[in-house]
Amino acid sequence: MAANMVTISLGSETDGSILCPADYNSVVRLKPTVGLTSRASVVPISSRQDTIGTVADAVVLLDAIVGFDPGDSEGTSDAAQFIPDGDYKQFLNEDGIIGKDWGLISDSIRSGELMLLQAEFKSSVNEYLKELAISSVRSLADIIDFNQNNPELEKLEEYGQQTLIELERTNGIGEKERKAAEYLEKLSRDGFEKKMKDYKLDALVTPGISLAMTVLAIGAYPGISLPAGYQSVGMPFGIYFGGLKGSEPKLIEMAYAFEQATRLRKPPSQFFQLTNHFLFGTV
């Protein structure tokens, strides 16, 4: 996308997996409320935080993928209440930023998140692999064994798999993990949500996403990142709008208005020929 080779792409995010690259590559990234789009068939880490997702292009895609899916019924049934009548394209308003109240975020929260994600990953991946129709790999332990038996194919010498081995040693969701999940819910409810409601804010705004991404990730909140400029060395940076669950209409209005008023993204200075060598590193 950064090279203008495609207009739209899809990815999944638990905590910054797409927002970080988007911020540093001068592209738009829309992260919807968790459950607004189905996670069925997506390799999971955490059902609490995983989500799928020019501003107008991102909104067209969002319209195409929102809605209830029996393959992800728990998430999509709860979030269906947030889908507006009509479509999201109606919020592409060049004046959408006028009259909105913003807050600036100054710190991020990680208390207990990593421990909980590690515990969730093993059970989530095992459940995902069990559903595969044709595969000899049915668990995280099977992945580790496959990598060990195919070291050249999986480039073990270069990348290793110590993280997978450590995750395999976890024992799922116990009392400690349940308390961590409750604490993260409390941080979201009494922190971010309370501030947004107390001050009647439409969105939080931050340059770049490093401060915002974890606050929004642990609470399953939506956000949108778009190009905001370039540093002296040419490195792109973005601006981020985030909000409460279901606030996509407001976020789209603000992001679209900012984009149309600034038009800060610069297309690549050169075009690429899609040769086999360029695509695959071969002649």
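Me: Before we look at this predicted model, what does contact mean here?

Reply: Contact means that heavy atoms lie within 4.5 Å. By that rule, and leaving aside its neighbours within four places in sequence, Val 55 is in contact with Val 28, Leu 92, Ile 224, Leu 226, Ile 252, Ala 255, Tyr 256 and Glu 259.

Me: Which residues have the most contacts inside the largest nonpolar core?

Reply: That core has 24 residues, and those with the most contacts inside it are Val 55, Leu 62, Tyr 88, Ile 224, Leu 226, Ile 239 and Phe 241. The elements giving two or more residues to this core are α2 (55-65), β5 (203-207), β6 (223-230), β7 (236-242) and α10 (248-262), and α10 gives the most, with 6 residues. Apart from it lies another core, of 10 residues, including Leu 19 and Tyr 221.

Me: Why is Ser 26 called buried?

Reply: Buried means under 20% relative accessible area, and Ser 26 has 4%, so Ser 26 is buried. Ser 26 lies in the loop between α1 (19-24) and β2 (29-31), where Ser 26 has a positive phi of about 55 degrees although it is not a glycine.

Me: What makes Lys 155 partly exposed?

Reply: Partly exposed is the range between buried, under 20%, and exposed, over 50%; the relative accessible area of Lys 155 is 45%, and therefore Lys 155 is partly exposed. Lys 155, in the loop between α5 (140-149) and α6 (156-159), has a positive phi of about 50 degrees although it is not a glycine.

Note on methods: Residues are numbered from 1 along each chain as its sequence is written. This is a predicted model: local features need pLDDT of at least 70, side-chain atom pairs count only at pLDDT 80 or more; totals for chains, interfaces and linings use all residues. Side-chain values use heavy atoms; hydrogens and water are left out. A nonpolar core is a set of buried Ala, Val, Leu, Ile, Met, Phe, Trp, Tyr and Cys residues joined through side-chain atoms within 4.5 Å. Buried means under 20% relative accessible area, exposed over 50%, partly exposed in between (1.4 Å probe, protein chains only). Helices (H or I, at least four residues) and strands (E, at least two) are DSSP runs, numbered from the N terminus.
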